[in-house]
Amino acid sequence: MNKIIGVLLVVLCTVPAIAQDESGMTRIVADSTQTAYVPVLSDADSAYIQGDYLKAISIYESVIGNQGVNATLYMNLGNCWLKRDEIAKAILCYERAYLIDPSDPDIRFNLELARTKTVDKVSPVNQLFIVVWFKKLLAVLDINGWAVLTVVLFTLAIIMTGVLLLSKKRGARKISFSFGIIFLLLSILSIIFATTQMGNLRNRDTAIIMSPSVTVKSTPSGSGTDLFIIHEGRKVQILDSSMKEWVEIRLEDGNTGWIPVNVMEII
């Protein structure tokens with residue numbers, strides 16, 4: 001009996017106990033001599049309000065690492081970096097937030113604000129109206145919104161098909177046929193938008209320049225010809241990442257070249 005009681009005491013002493021301290025910080029007590037604090041989201045928000053941006057950054061990154069990514073967390077993290085005038089890091093976070101939820105107007109506004117603080121001023125390239133139209137529609141909803149809309153539209157198309165098959169009135173059949181076609185086409189368009197956003201999330205082929213300035217080379221070598229210089233915060237598209245130390249990039253204006261891998265971070 002004494003042995004059993006002893007074993008139970010050892011087990012109870014080694015099981016972590018979770019408690020809340022007065023500041024609201026989650027506390028995990030491993031034993032009587034060591035105490036570890038696990039920050040929660042409210043702690044990051046409080047640190048941001050108090051102007052302790054480094055602490056807020058640390059907590060936001062910890063939350064992202066533990067709970068996974070979402071647009072709001074990345075936007076808040078970007079706000080912290082922007083307050084510290086770390087423009088490239090702020091743009092990187094805003095771009096990641098925008099990739100997850102392009103429909104959020106706050107993310108778009110903050111991203112544009114951060115871009116105004118960069119050295120490189122990028123002029124928009126003229127695009128076909130259908131491309132502009134597609135991008136604007138794509139940003140109306142996030143991927144979850146497009147998925148839900150697809151289900152709703154397809155369900156309505158099925159209902160219209162049922163009315164078409166079951167109704168004996170000529171007028172009702174015409175109306176149900178017309179609306180059925182419309183709902184079906186809209187559901188297909190919604191699927192295209194959802195799959196496009198899913199592809200953007202999976203195929204990360206854009207990056208942000210993190211170094212103060214980078215000389216773009218004509219070949220993947222330090223001895224290559226200097227083509228032009230880009231600065232931190234500049235967004236680039238990755239064309240070729242097959243090499244270990246160099247990557248081929250393309251800018252918005254179509255210029256291409258090679259830069260070291262370590263001067264950028266993939267969105």
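Visitor: At what angle do H2 and helix H3 (residues 53-67) pack?
Guide: Helices here are DSSP runs of H or I with at least four residues, strands are E runs of at least two, and both are numbered from the N terminus. Axes are lines fitted to C-alpha atoms, for helices over the stretch in contact, and angles run from 0 to 180 degrees between N-to-C directions. With their axes 8 Å apart, H2 and H3 pack at an angle of about 160 degrees.

Visitor: Good start! What kind of model is this?
Guide: Residues are numbered from 1 along each chain as its sequence is written, and side-chain values use heavy atoms, with hydrogens and water left out. Local features need pLDDT of at least 70, side-chain atom pairs count only at pLDDT 80 or more, and totals for chains, interfaces and linings use all residues, this being a predicted model.

Visitor: Are H2 and H3 roughly parallel or roughly antiparallel to each other?
Guide: Angles under 35 degrees count as roughly parallel, over 145 as roughly antiparallel, 65 to 115 as roughly perpendicular and the rest as oblique. The angle for H2 and H3 is about 160 degrees. The two helices are therefore roughly antiparallel.

Visitor: Which residues of H3 make the contact with H2?
Guide: Contact means heavy atoms within 4.5 Å. From H2, the residues taking part are Leu41, Asp43, Ala44, Asp45, Ala47 and Tyr48. Their partners in H3 are Tyr53, Lys55, Ala56, Ile59, Tyr60 and Val63.

Visitor: And how does H2 pass H4, in a left-handed or a right-handed crossing?
Guide: The axes of H2 (residues 41-49) and H4 (residues 71-83) come within 11 Å and cross at roughly 25 degrees, so these two helices are roughly parallel. On handedness, a crossing is left-handed if the near helix is turned anticlockwise from the far one by less than a right angle, and right-handed if clockwise. For H2 passing H4, the crossing is left-handed.

Visitor: Which residues of H4 make that contact with H2?
Guide: On the H2 side, the contact uses Leu41, Asp45 and Tyr48. On the H4 side, it uses Leu73, Asn76, Asn79, Cys80 and Lys83.

Visitor: Asp45 keeps coming up. Is Asp45 buried, partly exposed or exposed?
Guide: Asp45 lies in H2 and, leaving aside its neighbours within four places in sequence, is in contact with Tyr60 and Asn76. Buried means under 20% relative accessible area, exposed over 50%, and partly exposed in between (1.4 Å probe, protein chains only). Since Asp45 has 31% relative accessibility, the residue counts as partly exposed.

Visitor: I always check the cysteines. How many disulfides does a search of the whole structure find?
Guide: A disulfide is a pair of cysteine sulfur atoms within 2.5 Å. Cys80 has the sulfur of Cys93 as its nearest cysteine sulfur, at 8.9 Å, and is in no disulfide. The search of the whole structure gives a count of 0.

Visitor: What is the phi of Asp85 near?
Guide: Asp85 is in the loop between H4 and H5, and counts as exposed because its relative accessibility is 59%. Its phi is positive, in a residue other than glycine, and is near 60 degrees.

Visitor: How far apart are the end C-alpha atoms of helix H9?
Guide: The expected span of a helix is 1.5 Å times one less than its number of residues. H9 has 33 residues (170-202), so it should span 48 Å. The model agrees, with the end C-alpha atoms apart by 48 Å.

Visitor: Which helices are included in what covers the buried residues of H9?
Guide: The buried residues of H9 are Ser176, Gly180, Phe183, Ser187, Ser190, Phe193, Ala194 and Gln197. Their cover includes H7 (129-138) and H8 (143-166).

Visitor: Which residues in H7 meet H9?
Guide: The axes of H7 and H9 come within 10 Å and cross at roughly 85 degrees, which means that H7 is roughly perpendicular to H9. In H9, the residues that meet H7 are Ile192, Phe193, Thr196, Gln197 and Asn200. In H7, they are Phe134, Leu137 and Leu138.
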